[in-house]
Amino acid sequence: MKVPNFFRERKQSRESALKVLDYATNGIEGRSNCAKFIDILGDLFSGLRTIFPLFMRTPAKQKRKDSTPDEHEEHVCSVLSSLLRSCGEEGRSRIFSKFSEHEYEKVDRAVELVLKYQQNSKLSDDEIEQLYLDKLDAGLYTLQRIILILADICSSAMPGCRNRAVKLFQMRTGNGKLSKHLVPVLEEYEINLGAEADEERRRTRQLIARVNSIDKN
């Protein structure tokens, strides 16, 4: 897979390239592309050097009708979630190290996105019966991806990442328990996985167990 060079593409093509990258790294078929995205060009031109600036900053709303800020965040979070799911330990370690950089600013960004999409996905009383697919379209899909990322980071990366997330949730919501913010969404995600998604179901259950264990320690 040829890694898109986001910095040399014109702004008009950036979102299209991001959509292609999301598709190319998604699912079982995208595993080899995930490894290539991180490793094929070496450390200097690793795909992580292109995806994280996009994660940290959402472009302002464009005049174009085929892309929105929410769609940008959806694709970026989907790519990062796919990388953590599909890469080997070396690749995952490189992603973890990115979240530890610059005083955990990427953890700050992840918590910010969780809170944003939690608010966006809240349902009124007359919407409780909303179809699951409708909820995904309304922002739940992005919330699931960012929570999969944050759960993995908090349970597998350096303790500083976990401590930073706990501190921010405490400051912003008055409750620093990661299980309160992450586990309900992970449980809903796991319940709605298809019958063929056994591997992803096991991974999600492991994340739930790890997050719950953090709050018990």
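Residues are numbered from 1 along each chain as its sequence is written, and side-chain values use heavy atoms, with hydrogens and water left out. Because the model is predicted, local features need pLDDT of at least 70 and side-chain atom pairs count only at pLDDT 80 or more, whereas totals for chains, interfaces and linings use all residues.

**Exercise 1.** Determine at what angle H3 and H5 pack, and which residues meet.

Solution. Begin with the elements, which are DSSP runs numbered from the N terminus (helices are H or I with at least four residues, strands E with at least two). Helix H3 covers residues 48-56 and helix H5 residues 89-100; they pack at an angle of about 40°, with their axes 12 Å apart. Here axes are lines fitted to C-alpha atoms, for helices over the stretch in contact, and angles run from 0 to 180 degrees between N-to-C directions. That angle makes H3 oblique to H5, given that angles under 35 degrees count as roughly parallel, over 145 as roughly antiparallel, 65 to 115 as roughly perpendicular and the rest as oblique. Next, list the contacts (heavy atoms within 4.5 Å): Leu 48, Phe 52 and Phe 55 in H3 meet Arg 94, Ile 95, Lys 98 and Phe 99 in H5. By class, the residues of this contact are five nonpolar, no polar and two charged, where Ala, Val, Leu, Ile, Met, Phe, Trp, Tyr, Cys and Pro count as nonpolar, Asp, Glu, Lys and Arg as charged, and the others, Gly among them, as polar.

**Exercise 2.** Carry out the corresponding analysis for H7 and H8.

Solution. The axes of H7 and H8 come within 7 Å and cross at roughly 125°, and the two helices are therefore oblique to each other. From H7 the contact draws on Leu 150, Ile 153 and Cys 154, and from H8 on Cys 161, Arg 162, Ala 165 and Phe 169. Sorted by class, the contact of H7 with H8 has six nonpolar, no polar and one charged residues.

**Exercise 3.** Check the length of H6 against expectation, and find what covers its buried residues.

Solution. The expected span is 1.5 Å times one less than the number of residues, so the 16 residues of H6 should span 22 Å; the end C-alpha atoms are 23 Å apart, which agrees. Buried residues (under 20% relative accessible area, with exposed over 50% and partly exposed in between, for a 1.4 Å probe and protein chains only) in H6 include Val 107, Ala 110, Val 114 and Tyr 117. Their cover includes H3, H4, H5, H7, H8 and H9.

**Exercise 4.** Compare the backbone and accessibility of Glu 103 and Tyr 104.

Solution. Glu 103 lies in the loop between H5 and H6, as Tyr 104 does. Phi is near 55° for Glu 103, a positive value in a residue other than glycine, and near 65° for Tyr 104, also positive in a non-glycine residue. Glu 103 is exposed at 67% relative accessible area, whereas Tyr 104, at 23%, counts as partly exposed.
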